[in-house]
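This report concerns the packing of helices and the lining of a pocket. The sequence and structure follow.

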Amino acid sequence: MKIKTKRDLEYFEWLTSQIEIPAGNHNTYYNLFERLHETEFVWVVQGDDNRIMDAMDLRSEFIHGWKAVRRPVSVLELLIGVSRRTEWVAGGTAPQWAWVLLKNLKLTKASDPWNGAKAQRVDEILESFIWRTYESDGQGGFFPLRFPNVDQRQLEIWYQMQAYAIELAA
């Protein structure tokens with residue numbers, strides 16, 4: 001979603017405030033976060049439509065009733081929604097999980113300033129994530145596993161998260 005109005009900017013800033021960049025990291029990520037917000041998340045695995053609903057719930061939380069506005073869900077919204085679910089399943093905090101998910105996607109090196117090569121790499125990573133062309137063990141997705149027992153590209157995000165949490169607890 002392009003940031004067009006004051007409300008769009010306020011919503012974008014609210015979303016990005018829910019990502020905890022680790023202490024000592026003095027980089028900024030405005031361009032990355034903007035690209036995540038401009039990129040539509042398309043669900044391709046049955047059940048991931050539930051993650052779309054989590055992301056849409058963020059809109060209602062931000063501005064009551066804004067959920068009724070029809071616009072595609074962005075990868076940034078998905079990231080925040082999934083980070084909240086991961087907090088619930090695995091502990092920690094949602095802002096910390098948001099950063100971990102970005103790290104798992106290998107996007108934490110995409111700090112400002114950007115150049116054409118960095119933007120192209122981010123777009124390639126997002127395309128692989130959205131269309132599930134990442135590795136079968138989940139490398140390149142939100143939840144990479146050391147010991148997968150099923151192709152993670154075929155599992156909905158919810159079950160990928162469950163397997164990831166189990167591995168972390170082991």
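## Contact of α4 with α7

In this predicted model, helix α4 meets helix α7 through L78, V82, R85, T86, W88, V89 and A90 on the α4 side. Their partners in α7 are I157, W158, M161, Q162 and A165. By class, this contact comprises nine nonpolar, two polar and one charged residues.

Helix α4 spans residues 75-90 and helix α7 residues 157-169; their axes come within 10 Å and cross at roughly 45 degrees. Because angles from 65 to 115 degrees count as roughly perpendicular and those under 35 as roughly parallel, α4 is therefore oblique to α7. The crossing of the two helices is right-handed.

## Contact of α2 with α4

Helix α4 also packs against helix α2 (residues 30-38), the axes coming within 5 Å and crossing at roughly 100 degrees.

From α2, the residues F33, L36 and H37 take part, and from α4, V75, L76 and E77. Four residues of this contact are nonpolar, one is polar and one is charged.

## The largest pocket

The largest pocket holds about 150 Å³ of space. Its lining consists of K103, K106, L107, T108, K109, A110, K118, R121, V122 and I125. Helix α6 (residues 116-130) is the greatest contributor to this lining, providing four residues.

Terms used: Residues numbered from 1 in each chain as written. Predicted model: local features only at pLDDT ≥ 70, side-chain atom pairs only at ≥ 80, totals over all residues. Heavy atoms only, no water. 1 Å grid on protein atoms, 1.4 Å probe; cavity = no way out; pocket = protein on both sides within 12 Å on 5 of 7 lines; lining within 4 Å. Points joined across faces, edges and corners; volume = space filled by probe spheres on them. Axes fitted to C-alpha atoms, helices over the stretch in contact; angles between N-to-C directions. Parallel < 35°, antiparallel > 145°, perpendicular 65-115°, else oblique. Left-handed = near helix turned anticlockwise from the far one by under 90°. Contact = heavy atoms within 4.5 Å. Nonpolar A, V, L, I, M, F, W, Y, C, P; charged D, E, K, R; others polar.
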